[in-house]
Amino acid sequence: MIELINENTIKLSKEINDLDKFVLDFVNILKKHTNYIIISGFISILFGRSRGTEDVDIIIPKVDKTKWIEINLALLEKFECLNCNDPNEVYSYLSDGLSVRFAKKGEIIPNMELKFAKYDIDHISLNNKIKVLIDNNELFIGPIELQIVYKKKILKSNKDLEDAKHLEIVLKKVISQEKIKYYDELVKELWKKRS
Amino acid sequence: MEEKKLNQKQRMQFVEQWANYVKENTDWSRQQAKLINSMLKNSKNSSLSKEDYLELKEKSEKC
């Protein structure tokens, strides 16, 4: 069952699967240190899409090196960075606009693909994040309307179009058509600026 | 080409059918959990190293 609690909160009743558990484990550490949002494919999966994924995209605001080392060390309690072990080097990757991947220790899949917010659209997503309540757990995702628009108008692969269609049907009562129009214009404008 | 289009159309029809099931039924997440849990279990049998995996991802992102 999916219920809109308020403009920024959705309550979801579901049996938590191993991918959900992995994501919740990660964000439960991360949230103690920074703001974050999950974007892209995992959002469709969270709301019931019949597919898996090996990586989950997550964005955090750009932080300074000291803060990153604090975050990295906290994550190392349960996770390891697949790209490199040295938090200083991980920070260099992130500062260069690259993403890094964290998996449970000794594993590769699934992994969290983490990057710093870089583009306007990343900052807009962070500032308009949606809280999803699942039993006693919570996680933050990017605005659903923006995810739909971005998948339909920018990414446009078969998988992205299918993800967007799934969200449109399952979240019909939650989605604001006004926001769809707003993000549609915004994405067009930002994309033009970016290219 | 026609076959590819037909395949995409059929996939999209299934996506719509499943999304409507999710909207109207409560047991969807039990079924989804079976699918996802078994996929993740299978992935643990992979013999890929971290380096191989990252190289593969880098190549697929360039495509």
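A crossing of two helices is right-handed if the near helix is turned clockwise from the far one by less than a right angle. In this predicted model, the crossing of α7(A) and α1(B) is right-handed.

Helix α7(A) and helix α1 of chain B, residues 2-24, pack at an angle of about 30°. Their axes are 9 Å apart. Angles under 35 degrees count as roughly parallel, so α7(A) is roughly parallel to α1(B). On the α7(A) side, the contact is made by A:N158, A:E162, A:K165, A:H166, A:I169 and A:V170. On the α1(B) side, B:Q8, B:R11, B:M12, B:V15, B:E16, B:A19, B:N20, B:V22 and B:K23 take part. By class, the residues of this contact are 6 nonpolar, 4 polar and 5 charged. Spacing along a helix matters here. An α-helix has 3.6 residues a turn, so residues three or four places apart point the same way.

Take B:R11 as one example. This residue lies in helix α1 of chain B. B:R11 touches A:N158 and A:E162, leaving aside residues up to four places away in sequence. B:R11 counts as partly exposed because it has 14 C-beta neighbours inside 10 Å.

Now widen the view to both chains. In total, 28 residues of chain B are in contact with 22 residues of chain A. On the chain B side, the elements that give two or more residues are α1, α2 (28-43) and α3 (50-62). The largest share, 11 residues, comes from α2(B). The class count for that side is 14 nonpolar, 8 polar and 6 charged residues.

Back to α7(A), this time within its own chain. Helix α6 of chain A, residues 144-155, packs against α7 of chain A, residues 158-170, at an angle of about 150°. Their axes are 9 Å apart. Angles over 145 degrees count as roughly antiparallel, and α6(A) and α7(A) are therefore roughly antiparallel to each other. Their crossing is left-handed. From α6(A), the contact uses A:I144, A:Q147, A:I148, A:K151, A:K152 and A:L155. From α7(A), it uses A:D160, A:L161, A:D163, A:A164, A:L167 and A:E168. These residues divide into 6 nonpolar, 1 polar and 5 charged.

What does α7(A) itself look like? Its 13 residues should span 18 Å at 1.5 Å a residue, and its end C-alpha atoms are 18 Å apart, which agrees. The buried residues of α7(A) are A:D160, A:E162, A:D163, A:A164, A:H166, A:L167, A:I169 and A:V170. Their cover includes β1 (2-6), α2 (41-46) and α6 of chain A, together with α1 of chain B.

The loops of chain A hold some backbone exceptions. Most residues other than glycine have a negative phi, and most peptide bonds are trans. A:K156, in the loop between α6 and α7 of chain A, has a positive phi of about 55° although it is not a glycine. A:K156 is exposed, with 12 other C-beta atoms within 10 Å. A:S40 also is not a glycine, yet has a positive phi of about 65°. A:S40 sits in the loop between β3 (37-39) and α2 of chain A. A:S40 is buried, with 22 other C-beta atoms within 10 Å. The last exception concerns a peptide bond. From A:I109 to A:P110 the bond is cis, with omega near 0°. A:P110 is in the loop between β6 (100-104) and β7 (111-116) of chain A.

Technical notes. Residues numbered from 1 in each chain as written. Chains lettered and ligands numbered in written order. Predicted model: local features only at pLDDT ≥ 70, side-chain atom pairs only at ≥ 80, totals over all residues. Axes fitted to C-alpha atoms, helices over the stretch in contact; angles between N-to-C directions. Helix = DSSP H or I, 4+ residues; strand = E, 2+ residues; numbered from the N terminus. Parallel < 35°, antiparallel > 145°, perpendicular 65-115°, else oblique. Contact = placed C-beta atoms within 7 Å. Nonpolar A, V, L, I, M, F, W, Y, C, P; charged D, E, K, R; others polar. Expected span 1.5 Å × (residues − 1). Buried ≥ 20, exposed ≤ 12 C-beta atoms within 10 Å, placed from the backbone.
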